[in-house]
Amino acid sequence: MAAKPKQQRLILAVLALAALGGAGVLAASALGDTSTYFYAPTDLAAERPDAGKSIRLGGLVKTGSVSRSADGLTMRFTVTDNVHETPVSYTGLVPDLFRENQGVVATGSFAADGSFKARELLAKHDENYMPPEVAKALERSNKATGAAQPPAA
Amino acid sequence: MIPEIGHFLLWLAAAAALVQAAGLAGRGIEVLAVPAACAQLLFALAAFAALTWAFLVSDFSLQLVTLNSHTLKPTLYKFTGVWANHEGSLLLWVLVMALAGAAVAMAPAPLGPRFRARALAVMGLVSLGFFAFLLLASNPFARMLPAPTEGQGLNPLLQDPGLAFHPPLLYIGYVGLSVAFAFAVAAMLEGVVGPRWALAVRPWVLLAWGFLTLGIALGSFWAYYELGWGGWWFWDPVENAALMPWIAATALFHSVAVLARRDALRNWTLLLAVLAFSLSMLGTFIVRSGLLTSVHAFAVDPARGLFLMLLLALYVGGALAVYAWKAGSVPEGQGFEAFSREGALVANNLLLSCMLGVVFIGTLYPMALEGMTGQQISVGPPYFNATVVPLLLVMVVLMAIGPWLSWKRSGTAHLPARLLPAGVAAAAATVAALALFDVRSTIALLGFAAAFWLGVASVQILLQQRLTYAAVGMALAHFGVAVSILGATASGALQREALVAMRVGDAVQMGAWQAELLDVSPVAGPNWTALQAELRISRQGAEVATLKPQSRTFTRPAMETTEAGIAALWQGDVYAVLGRPDGFGKWQIHLWFKPLVRLIWAGAFLMALGGAVALAGRARVRLPRRRSGWQGAFAPQAAE
Amino acid sequence: MNRRALLLLPLLLFLGLAGLLLVNLGRPQQAAVHSRMVGKPVPEFALPGLDAEAGLSSKDLATGKPVLLNIFASWCLPCQVEAPHLEALAARGATLHGIAVRDAPEETRAFLQRHGNPFARIGLDRGGQLMLAFGSSGVPETFVIDGRGIIRYQHLGDIKAADVAVLLRELERAQ
């Protein structure tokens, strides 16, 4: 048992690397399983994730699309990036700043019947803030449709 | 005038930091380190006082005051508004750094004046960078003329005692770790790594760790009662930014204990000391640069991000370069046996490092992926729960065993008898959770078992005779971990939740609890109006509480917030959030019963208390100045 | 195992991380949303004005002369910061119209008294709908509209000293 310090250090280093490697594998596999990808409606039109896979859907809440069901808890609305649209249903409390024509990020998944069910809505913030993903998605769809870009100043 | 004086004092403080840093060059300048550190504190304190004064008298000619204060703000929040913003929080950061420097200068120098001067020089160098950042890129005393007649800063979310006192606690923790960082760099330069160094650095690490613990717990409690989402930890990048230095500091004082007692793990301890403060700076950088999307959004200026980035690269890169260059010449320490206290502590360090690694990867991976592929993802609680929880469970198993092993070489024959009560308690807790509370989730069952296993083992240590302060502190802190785990497990696994749309007069059943909506009425505060629901909560027919959740609308700035109604009962919290009306006379109400949830924060408080007790022990045994002070460290009489 | 190499490892890992952070800092952080309305005619609207003053309608933006349309609010700090630059624009001959968003008239008036009123006409958009119709995602924003009522240019955020010349040039180009 009484190994020499040198030898012991080696065993220790190997153990440490093994542990860190194990943690790395754990992290990598968990990342693969649990990362939620961001989609804009245009992305969904191109490629739809598997039913049940958790994603984040971002865009603007389409004006006039918000309706509530009779149970008073479920809300339906349409997320748009001005090119494509995705209908969403959400059961739960509506965040304070959820408004029509404002940015929203809905975390949820597609059901087997193809409808998108949101678990969580993030609608932030004040007038000057838009979730960065939504801003980027809108910018992308603007570019895609060739909407006029302001000339570089 | 006073703001100009404050600005000038900041320059003076920076000059003092420069003198302090010049000590690195040697040549006798190092005798100035102690007076320079004291001068830096005085100047920084006076500059901070000047800014505080501007906030208290609402001097709106300062841009910072205009943006972050308002005459209608209660005085307390005018005061805390000083650091509830980018510039002010950096001023607080340098103030705490100056405080730490002066503390090092005034405290006894067990490693001699030369070493202290070196350490102070490193601290001065770090301060200097932050002074430069403050003065060149984030001047808190910038004027705005003509002065507006009223300020903009009434953000209701920031007017809260929890948020007001969370940053100072965190900063004391972050910056306290700069002492360990400076001691590590000085030790590498001087080649004095060993037990005496470990004893000298230990109190600073414990102090910083205690404040970090309190700061994180307070932040978590604030998120719980203020955000109205019912959760207490969201694995948000900003939260992780504070958690990572905490994990590193936890690993650090455990490895410092091994170094102090057995003169082993020299290089490893040095690396951890460098890492802990580096992660603090990285945390500040992440929060301030806006690189990571977070619920705690700050306005962002890329130029500032770049400046912070340069500081980070300079200090962390510099320290790691010294490490690569000098640590190789540190003589190797002692070896040790696997079955010994130090063996258990090494295992603890490995597990904590793994935890740190997975949190680090989870926090930064989205940014790395976006940088490389443009793909936007988010890594949330499922990832962290899947990776951190198993590591934590393994660690808890060891935390109960480790203290029963003696230093150097330990027999194992005494272990079964020692661990029997903890084992019985863990088994009983599992059976009770299964049979009485109908818990089926494996993780939850393991959580209950772990809490009782560690809790009972820690109490057993406290029942021993002839305990040192260090042992009491350790047992208290471990008991705190058990308490927090129990709170987290119970509030998750035994939680009851109901999401309903109710009319006034309706009632809803949630487990043994019943909630009746008595009324929804408008109420008004100083700068807000709200709809307030009144919910009568009863348990098995007996009324226990009335909850008044609100949906508030603030004027100036226009903003809507949710105030949860929370009743703290001995069984746990009943938590209600009022949503919007559905337009047909019904109100959305989200209700939770969260059993034992407050144990989470009580446990964190116990951990910090344990740190304080261990620190008190250091203060007592340091007086004899000899290593013999440590011989009394707790070691159960092994049955060999 | 080479001990030296092992000791170098933390530094190398950190340098990798620093590189990554640097790359990310270089990318724009909060992508601002440019309006899709640039190049299109302004939406039809008619907003009330302050008190008895005439309001602002889409007709006022198609009078043959290019104008600047500034979207502001009294509760918006960058709007205060840019106020002197708006005055500078007016002093150099530009015609400015303002739309006050989600603002009470008395607060708008107090704002203009304190920070100056460079506007020829002001419309009150109390609900903020018109701001959205312009494709504007925040305040302040400034649009260049040519004489035929077509949006030519959008400036996001507050106007800084250097932007004055840019906006004057855009007005010139919109002739």
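Author: A term is needed first: two strands pair if DSSP finds at least two bridges between them. The model discussed here is predicted.

Reader: In what order do the strands of the open sheet of chain C lie?

Author: The open sheet has 5 strands, and their pairing is mixed. Neighbouring strands of this sheet are turned against each other by 20° on average, direction ignored. The order is β5-β4-β3-β6-β7.

Reader: Which strands of chain C stand at the edges of that sheet?

Author: An edge strand has a single partner strand, so one side of it is left without a neighbour in the sheet. In chain C this applies to β5 (121–125) and β7 (151–156).

Reader: In which sense do β3 and β4 of chain C pair, and which residue is the bridge partner of C:Asn70?

Author: Strands of a sheet pair through backbone hydrogen bonds, either parallel or antiparallel. Strand β3 (residues 67–72) and strand β4 (residues 96–101) of chain C pair over 5 bridges, in the parallel sense. The bridge partner of C:Asn70 lies in β4(C) and is C:Gly98.

Reader: Which element of chain C has the lowest mean pLDDT?

Author: Chain C averages a pLDDT of 82, and 90% of the residues score at least 70. Among the elements of the chain, β3(C) has the highest mean, 92. The lowest, 76, belongs to helix α4 (residues 129–133).

Reader: Which element gives the largest share of the side of chain A that touches chain B?

Author: The contact takes 36 residues from chain A and 40 residues from chain B. On the side of chain A, the elements that give two or more residues are α1 (5–34), β1 (36–39) and α3 (132–144). The largest share, 15 residues, comes from α1(A).

Reader: Which residue of chain B stands opposite A:Tyr37?

Author: β1(A) pairs with strand β1 (residues 377–378) of chain B in the antiparallel sense, over 2 bridges. Within β1(B), the residue opposite A:Tyr37 is B:Ile377.

How values were computed. Residues are numbered from 1 along each chain as its sequence is written. Chains are lettered from A and ligands numbered from 1 in the order in which they are written. This is a predicted model: local features need pLDDT of at least 70, side-chain atom pairs count only at pLDDT 80 or more; totals for chains, interfaces and linings use all residues. Two residues are in contact if their C-beta atoms, placed from the backbone, lie within 7 Å. Helices (H or I, at least four residues) and strands (E, at least two) are DSSP runs, numbered from the N terminus. Axes are lines fitted to C-alpha atoms, for helices over the stretch in contact, and angles run from 0 to 180 degrees between N-to-C directions. pLDDT is the predictor's confidence in each residue, from 0 to 100.
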